[in-house]
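User: I am new to this structure and would like to learn how to read its features. Could we begin with charges and rings?

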Amino acid sequence: MQKNTFEDINLSEFKELRIQPNTVVVDVREPWEFEEFNEGGVNIPLPEIRNQRKPIENYQQLIVICTNGVRSKIAAMDYCRVPEWLDKKIFHLKGGIIESE
């Protein structure tokens with residue numbers, strides 16, 4: 001089975017990439033975490049990422065984030081396994097948004 005790969009990015013790269021066309025930020029934290037502090041984008045909690053692909057499937061670049069980078073790395077790896085998404089660029093914010101606080 002062929003699969004995609006993701007790229008780790010830092011906070012300054014995140015800020016540059018997020019404003020590019022056809023790019024979406026996917027925050028995989030729980031809704032209450034997203035409401036408390038967020039960097040924008042779409043909130044799809046980690047347990048729901050396989051069932052909630054429709055809101056992000058039309059974007060070419062996905063930037064996956066969470067608090068400290070653990071959940072977002074799991075989500076990025078999962079997104080890399082989607083056969084229809086082999087041509088997408090998938091980024092993971094290493095260290096999470098805790099770096100931005």
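Analyst: A charge counts as sitting over a ring when NZ of Lys or CZ of Arg is within 6 Å of the ring centre and within 35 degrees of the ring normal. The model shown here is predicted. In it, Lys88 lies over the face of Trp85, at 5.4 Å from the ring centre.

User: Which other charged end sits over the ring of Trp85?

Analyst: That of Arg53, which is placed 6.0 Å from the ring's centre. Trp85 also takes part in a contact between rings. The whole structure holds one aromatic pair, formed by Tyr79 and Trp85. Their centres are 5.3 Å apart and their planes make an angle of 50°.

User: What is such a pair called, stacked, tilted or edge-to-face?

Analyst: Planes under 30 degrees apart count as stacked and those over 60 as edge-to-face, with the rest called tilted. The pair of Tyr79 and Trp85 is tilted.

User: How does one judge the overall form?

Analyst: One way is to set the radius of gyration beside the value for a compact globule. For 101 residues that value would be near 13 Å, and the protein's 12 Å agrees with it. Along the principal axes, the C-alpha atoms fill a box of roughly 40 × 25 × 20 Å. Of the 101 residues, 42% count as buried. Contacts tell something further: among those with a separation of 6 or more, residues 24 or more positions apart account for 69%.

User: How many residues are in the largest nonpolar core, and which of them have the most contacts inside it?

Analyst: A core is traced by joining buried nonpolar residues whose side chains touch. The largest one here has 17 residues, and Val28, Ile56 and Tyr79 have the most contacts inside it. Strand E2 (23-27), strand E4 (61-65) and helix H3 (70-80) are the elements that give two or more residues to this core. H3 provides the largest share, with four residues. Apart from this core lies another, of ten residues, including Phe14, Leu17, Ile65 and Phe91.

User: What does Ile56 touch beyond its neighbours in sequence?

Analyst: Leaving out residues up to four places away, Ile56 touches Val24, Val26, Val42, Ile44, Leu62, Tyr79, Trp85 and Lys88. Tyr79 and Trp85 in that list are the partners of the aromatic pair, and Lys88 is the residue over the face of Trp85.

User: How should I read the buried side of a helix?

Analyst: An α-helix has 3.6 residues a turn, so residues three or four places apart point the same way. In H3 the buried residues are Ser72, Ala75, Ala76, Asp78, Tyr79 and Cys80. They pack against strand E1 (6-9), E2, E4 and strand E5 (89-93).

User: Asp78 is a charged residue in that list. With which residue do its side-chain atoms meet in a salt bridge?

Analyst: With Arg50, at 2.6 Å from N to O. Asp78 counts as buried at 6% relative accessibility, whereas Arg50 counts as exposed at 57%.

User: How many salt bridges are there by this rule?

Analyst: The count comes to six. One of them joins Glu57 and Lys54, whose closest N and O atoms are 3.2 Å apart. Glu57 is partly exposed at 31%, and Lys54 is exposed at 63%. Salt bridges with shared partners also link Arg50, Arg53 and Asp78 into one network. Asp27 and Arg29 form another salt bridge, with 2.8 Å between the closest N and O atoms; both residues are buried.

User: Where is Glu33, and what is it in contact with?

Analyst: Glu33 is in helix H2 (residues 31-36). At 13% relative accessibility, Glu33 counts as buried. Leaving aside neighbours within four places in sequence, Glu33 is in contact with Thr67 and Arg71.

Methods:
Residues numbered from 1 in each chain as written. Predicted model: local features only at pLDDT ≥ 70, side-chain atom pairs only at ≥ 80, totals over all residues. Heavy atoms only, no water. Core = buried A, V, L, I, M, F, W, Y, C linked by side-chain atoms within 4.5 Å. Buried < 20%, exposed > 50% of the residue type's maximum accessible area, 1.4 Å probe, protein only. Contact = heavy atoms within 4.5 Å. Salt bridge = Lys/Arg side-chain N within 4 Å of Asp/Glu carboxyl O. Phe/Tyr/Trp six-rings, centres within 6.5 Å; stacked < 30°, edge-to-face > 60°. Rg over C-alpha atoms; globule rule 2.2 N^0.38 Å.
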